[in-house]
Protein chains: 2
Amino acid sequence: MTDTPRRRGADRTKAIMRTTLELGQEIGYANLSMEAVAARAGAGKHTIYRRWSSKGALLLDSLLSLNEAHLDYPDTGDVVADVRAQIYAAVDLLAGPSYGALFRALVGEAQHDRQVAVALNERFIAPQADKTVARLKAARDQGQLSPDFDLDLSMAILSGPLYFQLLITQEPLTHEYVDRVLAALFAGMGPGPRTRASRATAADRRAARSSRS
Amino acid sequence: MTDTPRRRGADRTKAIMRTTLELGQEIGYANLSMEAVAARAGAGKHTIYRRWSSKGALLLDSLLSLNEAHLDYPDTGDVVADVRAQIYAAVDLLAGPSYGALFRALVGEAQHDRQVAVALNERFIAPQADKTVARLKAARDQGQLSPDFDLDLSMAILSGPLYFQLLITQEPLTHEYVDRVLAALFAGMGPGPRTRASRATAADRRAARSSRS
DNA sequence: CAAGTACGGCACGTGCCGTACCGATAGGGT
DNA sequence: ACCCTATCGGTACGGCACGTGCCGTACTTG
């Protein structure tokens, strides 16, 4: 049967992905070679190429294997708190000191390799976007969000500034930065006056700014 | 004199950069080799390496040589119109069909090569951010922007969603998409009611959505 | 005209790619 | 308990592009 068609295979798969993350952290993705992964993992190159068609595909699988928790949204009834909590978790996992550089390298690889780009979207970005839309839709129905807000843009607007910080300026992606972005987005750029809720949000932001200086 | 210290040199520099863009468009940056650029340009490899230390540095200079217009902001008095016009120009230049793929490759290279990342920020991102902050600051002083808006975040919040679309989902970056993002950002995510101006913005967005279906 | 220099072309050694072949071995089917 | 087959680690291979060094040439400068 095909129940356990390759018990050896599953072991080797995990070992190779683990080695990829280890070695990638040590020497960086740019210096990472398939031969080095094979040597460190005690595997033949053919064993790797049988599973992954490219270095990018290997990195994608290796990084997504960390995502077992699936970064789900909580639902405490407070949409701002829930969004913030989910983004904290995502930022800590993929922009933290351990895997941040490798995740950046993965996005970089997606600019050269269309297969990686498609797989990254289908297996990570799209599911995250779906969860974001679902949580925000519930909030909008409860009056916690502007009824005019375009939910289709929510992933781009919420995550875009964070990816900008991660990929372009490449400065640290702290919780404090996430807080400032969320405050600005919920308040909006347009001139006031806003409702009580948004003025409170702006006040929070000012407090956060003064506390960091 | 050093007026024209190396007329040969300047000619070769421009020819090599032009060849880089041409060949990069034809076969893609990933398949682009220094040897191919040298052969097409009729140059020796040494001539290229004397000017640029890596393929990424060569691409950076080649792409930024297109940016002679410097993508300055207009100032018509209407901040939304001015921001929109500037973003249109930037999107048309760097996310259009001719150079979009190469610009994506440049950002991808910045994930592997720290020198490219630093140079990209210093020579392109930071100047753009400065111009954005200056234009928005004037608008805020004129009451066209929320007095609480955090100007330091303006580049990330305005450009982040666009870079997300360009680098992550890799879907077309149309003017219509820019319009929707701007409308959402100026209106804000938080619950209403907003002032007359922001309600009009939201109405514009709804009209744009219905017209594209 | 002489000195200096950037140039194109070529060759070289290195590193990694992706494939092919090898003998060894572990599991499943009977 | 046995063989059979697929996968395994290891090694060798051709190919490609890298980055450097050298050579003879042509142009600029003074």
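# Notebook: two chains and their interface

I began with the surface between the copies: 100% of the interface residues of chain A are also interface residues in chain B, so the copies meet through the same surface. I took two residues as in contact if their C-beta atoms, placed from the backbone, lie within 7 Å.

I noted the ground rules next. This is a predicted model, in which local features need pLDDT of at least 70 and side-chain atom pairs count only at pLDDT 80 or more, while totals for chains, interfaces and linings use all residues. Residues are numbered from 1 along each chain as its sequence is written, and chains are lettered from A and ligands numbered from 1 in the order in which they are written.

**Symmetry.** I looked up how the copies are related. A rotation of 180° with 0.0 Å of shift along its axis puts chain A on chain B, with an RMSD of 0.0 Å. The two copies are thus related as by a two-fold rotation axis. The superposition is by least squares on the C-alpha atoms of residues with pLDDT of at least 70 in both copies.

**Interface.** I found 49 residues from chain A and 50 residues from chain B in the contact. On the side of chain A, the elements that give two or more residues are α6 (100-110), α7 (114-141), α8 (154-169), α9 (175-187) and α10 (196-211). α8(A) gives the most, with 11 residues. By class, I recorded 25 nonpolar, 18 polar and 6 charged residues on this side of chain A. Here Ala, Val, Leu, Ile, Met, Phe, Trp, Tyr, Cys and Pro count as nonpolar, Asp, Glu, Lys and Arg as charged, and the others, Gly among them, as polar.

**Chain A overall.** I counted 10 helices and 0 strands in chain A. Helices (H or I, at least four residues) and strands (E, at least two) are DSSP runs, numbered from the N terminus. Buried residues make up 38% of the 213 residues in chain A. A residue is buried if 20 or more other C-beta atoms lie within 10 Å of its own, exposed if 12 or fewer, and partly exposed in between, with C-beta atoms placed from the backbone.

**R104(A).** I looked up this residue in helix α6 of chain A. R104(A) is buried because 22 other C-beta atoms lie within 10 Å. Leaving aside neighbours within four places in sequence, R104(A) is in contact with L166(A), L167(A) and, from chain B, Q111(B).

**D82(A).** I then went to helix α5 (residues 79-94) of chain A, where D82(A) has its place. D82(A) counts as partly exposed because it has 19 C-beta neighbours inside 10 Å. Leaving aside neighbours within four places in sequence, D82(A) is in contact with Y73(A), P74(A), D75(A), T76(A) and R135(A).

**Helix α9(A).** I checked the span: α9(A) has 13 residues and reaches 18 Å from its first C-alpha to its last, close to the 18 Å expected at 1.5 Å a residue. The expected span is 1.5 Å times one less than the number of residues. The buried residues of α9(A) include V178(A), R180(A) and L185(A). Just after α9(A), G188(A) takes a positive phi of about 85°.

Leaving aside neighbours within four places in sequence, L106(B) is in contact with L59(B), L60(B), L63(B) and L120(B).
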